[in-house]
Amino acid sequence: MADLAVAPPVAAPARGPSRPVRRRRRISWVPYLLLAPGLLWLVVFFVAPMLTTLSTSLQEGDVDNGYVLTGNPDVYWQALQAYWPQIVRSLMYAGIATLLSLALGYPLAYFIASRRGRSKNILLVLVIAPFFTSFLIRTMAWQSLLASDGGLVRKTLGGVGLGWVYDDFGHLLQLLHLSPNGEILYSPWAVVWGLTYNFLPFMILPLYTSLDRLDGRLLEAAGDLYATPRQTFRHVTWPLSLPGVVSGTLLTFIPAAGDYINSRLLGNTNTVMIGQVIDSQFLRVLDYPLAAALSFLLLALIVAMVFIYVRRAGTEELV
Amino acid sequence: MAWFRKHLLTFAAMVTMTILLLPNVVVAIYSFNKPNGRFNVELVRFSLDAWKHPCGTSGICDSLSLSLKIGLTASLVATILGTMIAFALGRHRFRGRSATNLLIFMPMATPEVVMGSSLLALFLNIGMSTGSLAILIAHIMFCLSFVVVAVKARVATLDPRLEEAAADLGSRPLTTFFRVTLPLVAPGIAAGALLAFSLSFDDYIITNFNASPNSITFPMYVWGAAQRGTPVQINVIGTIMFVVSVAFVLGGQLVSARRARAAS
């Protein structure tokens with residue numbers, strides 16, 4: 001089961017080439033034959049679409065009269081001007097959700113890594129088990145959990161005399177301008193919460209993989225050298241788990257930044273994220289150049305952020 | 001207080017686990033509900049109606065079977081292609097290695113909405129119609145990278161001495177591969193296939209871009225239902241999927257644990 005924990009992309013420095021090769025061989029065709037079908041698939045159905053998008057964004061015209069490639073990059077400027085708030089909002093929501101899932105996921109990943117045998121496997125299964133119920137259904141379940149009248153959280157808390165906790169949290173959100181009317185559901189907070197929940201397993205699994213590899217003797221050594229538990233964590237555990245932290249945050253942040261299901265189901269008209277704009281420009285407004293420009297902007301922004309982040313984290317290989 | 005500090009980690013872990021599983025519990029509870037209106041949001045009274053007629057609303061089981069078909073085909077193809085790439089990366093030296101790594105990483109670093117819309121743009125440009133085939137192509141594409149990562153992790157832990165031993169004992173390369181290497185990598189392949197299936201089965205955003213009115217997958221059905229009114233059957237199918245897959249995975253573990261014990 002441990003294998004289900006997708007290896008942190010950054011963890012292992014390519015082991016293939018570092019292993020001593022015993023015999024010097026001529027160039028072999030075997031690796032190329034193994035790579036060809038899969039890479040061809042990615043080139044045709046991933047790279048080519050990206051290039052199509054780039055070219056679409058530089059076209060002018062409309063649906064009825066067709067499009068002509070003019071190479072006019074103005075559309076990028078228009079897209080930025082018109083949808084700047086949605087772009088910033090998406091990156092902000094995704095950033096907060098990523099930090100929240102790190103805070104929630106780390107203890108669980110650590111706990112699972114410290115278990116042995118069967119209980120460890122069962123816990124891992126439980127982490128991925130939610131995946132098998134459609135995430136749309138699960139996100140709708142948060143609607144019925146968070147709703148103010150008839151919601152399960154409000155009802156349960158009310159049942160034990162703690163209804164004020166729910167109400168006060170709503171008021172707090174209203175004070176912080178995070179909720180228009182003190183409601184918890186359909187507020188920016190609910191959207192961030194939905195994103196956190198939905199991408200939590202993508203955080204936990206890489207964290208678990210790198211914590212599981214941690215050599216227990218290092219922790220013992222730290223203890224023997226009179227490090228307090230806090231010092232041990234700061235100077236041993238945390239640095240060694242960084243590869244998992246980096247890949248977990250990437251696997252959470254990237255999909256969260258492009259997601260629009262959570263903002264549609266749990267948010268209001270003021271929580272529109274950039275994915276939703278791209279979707280409606282493409283499928284409803286049919287402004288293909290604008291939609292393509294927005295797609296490309298989002299991708300470029302994310303690639304730039306990932307690049308800087310990975311550089312700063314000092315990791316080399318990503319998968 | 002000391003007791004609380006000692007168990008702080010356990011407590012925090014349990015909180016996260018509860019958050020992860022709570023929605024599944026809610027889905028299960030609401031599958032026994034008989035809502036007043038069209039939306040299944042408030043618990044009204046207990047009923048087994050939906051469980052007796054899981055296909056009771058039109059289209060739901062057609063969409064489920066389409067999703068299962070696409071999920072199985074996509075995960076099969078992605079697993080084969082991905083495993084081949086993982087072996088090339090884990091076992092061979094070749095030129096263009098970092099370009100390959102980048103190409104594998106990029107689909108994981110691209111938001112779904114970008115991949116979905118770009119693929120649609122390509123299909124529109126070359127005049128290919130959207131529908132089940134387009135969805136299948138898209139799913140294989142985005143599952144591929146995840147399979148590569150899962151299998152590669154396993155290939156990296158392989159002890160090359162085992163294969164050398166087989167060769168020393170006179171086994172031919174192909175026999176060694178099927179009798180030694182493949183069984184050792186199998187857990188990684190199984191994990192990759194499982195991940196691919198769940199990603200494909202659950203995908204909405206990319207699918208929505210490339211679907212036609214005749215290819216409504218289960219997540220698309222659920223999304224449509226969310227706008228018009230949510231039949232309780234959705235919860236029944238969600239619960240069945242959850243229970244069956246957990247039983248399937250735990251069962252598989254039990255078997256492999258028993259086999260490991262028998263072998264030692």
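Domain bounds here come from an automatic or database domain assignment. For chain B that assignment gives domain 1 (57-218) and domain 2 (232-264). Select both: their centres, taken over C-alpha atoms, are separated by 22 Å.

The model is predicted, with local features needing pLDDT of at least 70 and side-chain atom pairs counting only at pLDDT 80 or more, while totals for chains, interfaces and linings use all residues. Residues are numbered from 1 along each chain as its sequence is written, and chains are lettered from A and ligands numbered from 1 in the order in which they are written.

Next, select helix 7 (residues 132-156) and helix 9 (residues 173-202) of chain B. Helices are DSSP runs (H or I, at least four residues), numbered from the N terminus. The two axes come within 8 Å and cross at roughly 155°; axes are lines fitted to C-alpha atoms over the stretch in contact, with angles from 0 to 180 degrees between N-to-C directions. Helix 7 of chain B is therefore roughly antiparallel to helix 9 of chain B (an angle over 145 degrees).

Show the side chains at this contact (C-beta atoms, placed from the backbone, within 7 Å). Helix 7 of chain B contributes residues including B:Phe142, B:Phe146 and B:Arg154, and helix 9 of chain B residues including B:Gly188, B:Gly192 and B:Leu195. The contact residues divide into 15 nonpolar, four polar and one charged. Ala, Val, Leu, Ile, Met, Phe, Trp, Tyr, Cys and Pro count as nonpolar, Asp, Glu, Lys and Arg as charged, and the others, Gly among them, as polar.

Finally, colour the contact between the chains: 85 residues from chain B and 85 residues from chain A. On the chain B side, helix 2 (8-30) supplies the largest share, 15 residues.

Key: Helix = DSSP H or I, 4+ residues; strand = E, 2+ residues; numbered from the N terminus. Parallel < 35°, antiparallel > 145°, perpendicular 65-115°, else oblique. Contact = placed C-beta atoms within 7 Å.
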